Amino acid sequence: MNWLRAAVLGANDGVVSTAGLVVGVAGANASATELLTAGLAGLLAGSLSMAAGEYVSVSTQRDAERAALAQERRELRATPEAELLELAGFYRAKGLDPELAHRVAVQLTAHDALAAHAETELGIDPDALTDPWHAAWASFAAFTAGALLPLLAIVLPPEAHRIWITVVAVLAALVATGWASARLGGADPRRAVLRNVLGGGIAMAVTYAVGTLLGASTG
């Protein structure tokens with residue numbers, strides 16, 4: 001579920017950032033070739049930036065998880081009895097009576113002490129640490145997929161229709177990503193869709209206005 005939500009948000013970022021870029025350039029009366037060049041540059045810069053940022057972020061998270069697990073291993077080797085009492089204390093805090101909490105702690109420790117402590121104390125599954133490369137590729141792909149929509153919408157139609165076609169296509173995509181992100185998170189889709197559409201609409205309006213002003217001043 002988290003990966004799906006991240007993919008939807010990455011695609012949403014690609015739609016909004018690239019739409020703002022190409023609409024702004026179109027406002028300056030750029031040719032289709034110039035729009036394609038600017039759009040591809042924005043797509044590559046955005047997707048690579050997203051991938052690099054996600055790789056660094058997830059690598060940092062994974063390093064922290066590995067350090068926490070290493071510390072837990074040392075504690076289990078040095079003071080196993082204290083760790084058993086600590087684990088039982090966590091289960092008592094969750095509502096188990098002391099005797100049952102102790103039995104559960106003993107059985108889980110016998111099965112896999114590290115996994116029991118990691119899950120209960122740290123919220124980590126030692127066998128399912130996040131992979132920074134997977135996160136980076138997922139962000140790259142999601143951003144690229146989202147960015148392609150406004151790029152194609154701005155360069156393929158005739159010049160007289162490219163702005164309104166792009167705006168309609170982008171707003172439709174923002175409705176879809178807003179609805180999907182809300183459904184994945186169990187939130188009200190209407191508020192998410194409204195935020196998405198307003199944010200994307202404002203971004204395109206501002207960049208188009210700036211592009212138009214710059215185009216008029218240099219024309």
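Biologist: Where does the model come from, and how are residues numbered?

Modeller: This is a predicted model: local features need pLDDT of at least 70, side-chain atom pairs count only at pLDDT 80 or more, and totals for chains, interfaces and linings use all residues. Residues are numbered from 1 along each chain as its sequence is written, and side-chain values use heavy atoms, with hydrogens and water left out.

Biologist: How many helices and strands does the chain have?

Modeller: There are 7 helices and 0 strands. Both are DSSP runs numbered from the N terminus: helices are H or I with at least four residues, strands are E with at least two.

Biologist: And what box do the C-alpha atoms fill?

Modeller: Roughly 80 × 30 × 25 Å, taken along the principal axes. The radius of gyration of the chain is 25 Å, while a compact globule of 219 residues would be near 17 Å. That radius is taken over C-alpha atoms, and the globule rule is 2.2 Å times the number of residues to the power 0.38.

Biologist: OK, new topic. At what angle do H3 and H4 pack?

Modeller: Helix H3 (residues 80-93) and helix H4 (residues 98-122) pack at about 110°, with their axes 8 Å apart. That makes H3 roughly perpendicular to H4, a label for angles of 65 to 115 degrees. Axes are lines fitted to C-alpha atoms over the stretch in contact, and angles run from 0 to 180 degrees between N-to-C directions.

Biologist: Which residues make the contact?

Modeller: Among them are Leu84, Leu87 and Phe90 of H3, and Ala101, Val104 and Leu108 of H4. Contact means heavy atoms within 4.5 Å.

Biologist: Now threonine 18. Buried or exposed?

Modeller: Threonine 18 is buried, with a relative accessible area of 2%. Buried means under 20%, exposed over 50%, and partly exposed in between (1.4 Å probe, protein chains only). Threonine 18 is found in helix H1 (residues 2-27).

Biologist: What is threonine 18 in contact with, leaving aside neighbours within four places in sequence?

Modeller: Gly39, Phe143, Ala147, Pro150 and Leu151.

Biologist: And tryptophan 133, buried or exposed?

Modeller: Tryptophan 133 is exposed, at 52% relative accessible area, and is found in helix H5 (residues 132-155). Tryptophan 133 and serine 59 are 74 residues apart in sequence, and their C-alpha atoms are 8.7 Å apart in space.

How values were computed
Parallel < 35°, antiparallel > 145°, perpendicular 65-115°, else oblique.
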